Amino acid sequence: MSPIPKAELHLHIEGTLEPELAFALAERNGVDLPYASRDDLRAAYSFSGLQSFLDLYYSLMAVLRTEDDFADLAHAYLARAREQGVRHAEIFFDPQAHTARGVPLDTVINGLGRALDTAPETYGITTRLIMCFLRDESAESALETFESARPHLHRIAGVGLDSAEVGNPPSAFREVYARARAAGLKCVAHAGEEGPPSYVWEALDVLGVDRVDHGVRSLEDAALVARLVADQVPLTVCPLSNVRLRVYDRLADHPLRLMLDAGLLVTVNSDDPAYFGGYVDDNFTAVRDALGLDEETLRTLARNSFQAAFLDEPTRQAYLAEVDAHRA
Ligand code: HPA
Ligand code: ZN
């Protein structure tokens with residue numbers, strides 16, 4: 001059975017770095033990794049929360065140095081995504097995690113862009129790039145990053161906010177979001193993953209986001225749920241990530257079904273699939289099995305992914321028709 005057609009809207013390209021590619025790039029670039037083997041590296045993928053994951057995630061990025069490295073990373077993701085039924089992918093990248101290591105922004109964007117340019121023809125996937133600011137860096141650093149990206153804005157559909165959430169509320173980034181919006185970019189932000197519902201309110205009311213990434217902790221605030229439902233603000237939920245990062249103990253405890261029943265515009269995504277045990281269709285299958293979701297609910301999730309995507313209307317309708325035509 002072919003996987004249901006879907007859009008992936010919450011995917012960090014750096015989080016698709018599989019151990020095999022990490023070791024290959026380490027060798028190509030003469031980078032020493034503090035792991036004896038791929039299995040040794042995989043064995044380190046046991047996280048106590050977001051920060052313990054981020055420490056490993058940023059350290060492994062040391063292998064990404066050249067335009068070819070970023071192109072190879074994106075090609076590897078696109079090949080996997082095609083197998084998972086992805087027809088459209090909105091892909092995050094973290095410029096500051098690379099420029100801070102001395103890798104120029106041009107290298108990152110040109111490398112990713114080179115692979116993404118081939119995606120419709122080679123993989124049957126349309127793509128958008130979303131540039132994320134690191135919220136544990138300063139607002140000034142985000143502004144500098146945005147200004148240095150201006151020559152590349154034709155390649156960038158939106159801005160996002162990621163990295164360590166607790167203690168780093170969205171409101172600090174008001175100015176850079178205002179500039180991004182003025183430049184015609186879409187706005188998203190991670191909020192309500194480990195952080196409180198107030199961060200989701202700030203993402204909506206201070207940053208003016210078009211979508212919220214994660215947002216699962218919104219359920220703790222009934223007025224916030226009512227707002228998200230009324231405005232049909234999409235939430236890009238990542239179930240396997242939430243379990244690996246200990247937001248929920250078990251997938252069976254995940255509130256995805258509650259969120260759908262509340263009328264929220266929920267989508268299912270993979271976040272950092274090389275680290276969290278599955279790509280996007282693996283997330284669909286895992287929630288189906290753990291929560292007992294039926295085919296109609298999975299179809300709703302697939303339809304939601306295209307409803308929530310940054311697509312022009314004819315393309316959106318064409319993808320929705322593919323979902324409707326897909327029969328298990
Ligand atoms: N949360 C915050 N930052 C991130 C994540 C996440 O789940 N994945 C990669 N960067
Ligand atoms: Zn994320």
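## Around the ligand

Me: Which helix gives the largest share of the shell around ligand 1?
Reply: Helix α3, residues 50-60, gives the largest share, with four residues. A helix here is a DSSP run of H or I with at least four residues, numbered from the N terminus.

Me: Where does this model come from, and how is everything counted?
Reply: The model is predicted, so local features need pLDDT of at least 70 and side-chain atom pairs pLDDT 80 or more, while totals for chains, interfaces and linings use all residues. Residues are numbered from 1 along each chain, chains are lettered from A and ligands numbered from 1 in the order written, and side-chain values use heavy atoms, without hydrogens and water.

Me: Which residues are around ligand 1?
Reply: They are H12, L50, F53, L54, Y57, D162, S163, H190, E193, H214, D271 and D272. Each has a heavy atom within 4 Å of the ligand.

Me: How many of the shell residues are nonpolar, polar and charged?
Reply: Four residues of the shell are nonpolar, four are polar and four are charged.

Me: Changing topic, what does a nitrogen atom of ligand 1 have 2.8 Å away?
Reply: A polar backbone atom of S163 is 2.8 Å from a nitrogen atom of ligand 1. A polar contact pairs N or O atoms within 3.5 Å.

Me: And which side chains take part?
Reply: E193 has a polar side-chain atom 2.8 Å from a nitrogen atom of the ligand. For D271, a polar side-chain atom is 2.8 Å from an oxygen atom of ligand 1.

Me: How much of the accessible area of ligand 1 does the protein cover?
Reply: The protein covers 100% of the 260 Å² that ligand 1 has on its own (Shrake-Rupley method, 1.4 Å probe).

Conventions
Polar contact = N/O pair within 3.5 Å; in protein donor to acceptor, adjacent residues only side chain to side chain. Helix = DSSP H or I, 4+ residues; strand = E, 2+ residues; numbered from the N terminus. Nonpolar A, V, L, I, M, F, W, Y, C, P; charged D, E, K, R; others polar.
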